[in-house]
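Colleague: I have just opened this entry and would like to learn how to read it. Could you take me through it, one feature after another?

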Amino acid sequence: MVASHRNLSTRSVLLTAVAATLLALAVTSCRGGSSTPKGTQGPGLDAAIATQVASGDAATVGVAPDACALLTADEAGALVGEAVRKETGEGQPAGGGISHSGCFYAAASGSSKSVNVEVNRFASRSDLAASFRRVRMLSSGVEDVPGVGEGAFYVSALGRLNVLVKDSWLIISVVERQPGAAPSGATGAALKALGSKTANRLQDSLR
């Protein structure tokens, strides 16, 4: 029971923190905020971001698809090397023209291993592009991942894959050993390989 409460609490903090960060980044980008970049933008992501801006904005934000439909428990378990149980988070407006859906897979053993899947859907393609670019530039240990979604990058220190798919930002995060510790290179490679399949599922759900 203690482990269950701990995992539920961790899930809530993760989902709330990321949604809040996205909102803050969107507002800062719109106001022209600046800071020193820690990464460089690859040409593939430049093209993806330009496409986002050119696509225009929606009058209202669409409902974020069910994040749990994008990654199965077996796939999540394979990433952390043990069985996991699914804990769902309902899609809901996060405010500021963003709707959010999250899914948290916790280790069935009660260990700290977990996989978190999030979809953040934007009304404004410009805000999406600006926020995605800003997080990419401010992150350390970034690796662009060609061929995944419309543009993607992996933050190795966080075990976090970020993917652009139409008007949505897909994030998959893996805690393989303990919170705050980077996953192994093999786990990172597996996550990047799985990213294309997950992004395709999201694209299908947005049609």
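This is a predicted model: local features need pLDDT of at least 70, side-chain atom pairs count only at pLDDT 80 or more; totals for chains, interfaces and linings use all residues.

Colleague: How many helices and strands does the protein chain have?

Modeller: Helices (H or I, at least four residues) and strands (E, at least two) are DSSP runs, numbered from the N terminus. The protein chain has five helices and seven strands, and from the N terminus on their order is α-α-α-β-β-β-α-β-β-β-β-α.

Colleague: What share of the 207 residues counts as buried?

Modeller: Buried means under 20% relative accessible area, exposed over 50%, and partly exposed in between, with a 1.4 Å probe and protein chains only. Of the 207 residues in the protein chain, 46% count as buried.

Colleague: Which cysteines form a disulfide?

Modeller: A disulfide is a covalent bond between the sulfur atoms of two cysteines; the rule applied here asks for a pair of cysteine sulfur atoms within 2.5 Å. The count by this rule is one disulfide, formed by cysteine 68 and cysteine 103 with their sulfur atoms 2.0 Å apart. The link of cysteine 68 and cysteine 103 is right-handed, with 100° about the S-S bond. Because cysteine 68 lies in the loop between helix H2 (43-54) and helix H3 (73-80), and cysteine 103 in strand S2 (residues 98-107), the pair ties together parts that are 35 residues apart in sequence. Cysteine 68 is buried at a relative accessible area of 8%, and cysteine 103 is buried at 1%.

Colleague: How many salt bridges are there?

Modeller: Side chains of opposite charge can pair when their charged atoms come close. A salt bridge is defined as a side-chain nitrogen of Lys or Arg within 4 Å of a carboxyl oxygen of Asp or Glu, and by this rule there are six. One of them joins glutamate 82 and lysine 113 at 3.7 Å, N to O. Glutamate 82 lies in the loop between H3 and strand S1 (84-95) and lysine 113 in the loop between S2 and S3, so this pair ties together parts that are 31 residues apart in sequence. Glutamate 82 is partly exposed at 22% relative accessibility, and lysine 113 is partly exposed with a relative accessible area of 22%.

Colleague: What does arginine 121 form a salt bridge with?

Modeller: The partner of arginine 121 is aspartate 167, and their closest N and O atoms are 2.9 Å apart. Arginine 121 is buried at 16% relative accessible area, as is aspartate 167 at 13%. Elsewhere, Glu75, Lys197 and Arg201 are linked in a network of salt bridges.

Colleague: Where is serine 124 found, and what does its side chain reach?

Modeller: Serine 124 is in the loop between strand S3 (114-122) and helix H4 (125-138), where it counts as buried at 13% relative accessibility. Its side chain reaches the backbone nitrogen of aspartate 127 at 3.0 Å. A polar contact is a pair of N or O atoms within 3.5 Å; within protein, one must be able to donate a hydrogen and the other to accept it, and residues adjacent in sequence count only if both atoms are side-chain atoms.

How values were computed. Residues are numbered from 1 along each chain as its sequence is written. Side-chain values use heavy atoms; hydrogens and water are left out.
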